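Hello,

Here is the structure we spoke about. Please look through it first; my notes follow below.

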Amino acid sequence: MRKVITSIIRQKNPSFTLDPSIRIGVLLRIFLRKAIELVRGSLMLFRGKKPRKILIAKGVSFKHLSYASWGEWVQIGKNVDISAWGKKGFQLGSHVTIGSYSKLFVSYSLNEPGVGIKIGSRVGIGDFAHLGGAGGLEIGKDCIIGPYLSCHPENHRFEELNLSIRLQGHTRKGIIIGPDCWIGAKVTILDGVEIGKGSVVAAGAVVTKPFPPFSIIGGVPARLLGTRLKENVSDQLMEKING
């Protein structure tokens, strides 16, 4: 059993080694739970989709499956709510994990369908995420994301004082998170933001503007705290961005 579990996990993380202190009883319970989730995922066949080794926990709601696609060994936590309907639908790469109690909705209205949500391979998203796809949301491969991520690729217009804000329509630019980013817990990302590859976003940040690759970001609103680049390049970049 240790070899089976190690072999499966190494498809996502080639350097994974199972800790020898883990008791066989713990492994049995984990294996049984995952086996049940895999069986639940196989029921996708009855909804006209190829399961492709998708693991689905209890209480998952998956709407508009014809707009959805995914790779192998996708894991969806309990009570996740997904609505895939939109212009480009809902796309997951292989070895993606979506934490429990998350909500991923491409569209929220019938008159203005959303663009889509696309999540690259080997992305792990923590519990209680709220991801919208109105203006388009793209998360690059190999990102690690803490709980309570909130992405809103849409803004309400509010210029007219004599008209209710809810009737003034929306603006949509989209959100792009580059590959290999680390997004901390309780981060909020607003419309029009592009976070460059390899960036780190501190817990609790509210990101309202784009940042270049390898940025270290934090604060409300978020600002550039540093970069992961070599020191001389980092100093030049900081001067350029901070004026």
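**Pockets and rings**

Strand 9 (117–119), strand 12 (137–139) and strand 17 (175–177) each give at least two residues to the lining of the second largest pocket. Strands here are DSSP runs (E, at least two residues), and helices are runs of H or I, at least four residues, both numbered from the N terminus. A pocket is an open set of points on a 1 Å grid over the protein atoms alone, where a 1.4 Å probe fits, with protein on both sides within 12 Å along at least five of seven lines; lining residues have an atom within 4 Å of a point.

This is a predicted model: local features need pLDDT of at least 70, side-chain atom pairs count only at pLDDT 80 or more, and totals for chains, interfaces and linings use all residues. Residues are numbered from 1 along each chain as its sequence is written, and side-chain values use heavy atoms, without hydrogens and water.

The second largest pocket is lined by 15 residues. Nearest its centre lie Lys88, Val115, Gly136, Leu137 and Glu138.

The largest pocket has 24 lining residues. Ile8, Ile9, Lys34, Leu55 and Gln75 lie nearest its centre. Helix 2 gives the largest share of that lining, seven residues.

Now the rings. Five aromatic pairs were counted (Phe, Tyr or Trp rings, the last by its six-membered ring, with centres within 6.5 Å; planes under 30 degrees apart are stacked, over 60 edge-to-face, the rest tilted). Phe62 and Trp70 have ring centres 5.6 Å apart and planes at 35 degrees, so the pair is tilted. Ring pairs join Phe62, Trp70 and Phe90 into a cluster.

Best wishes
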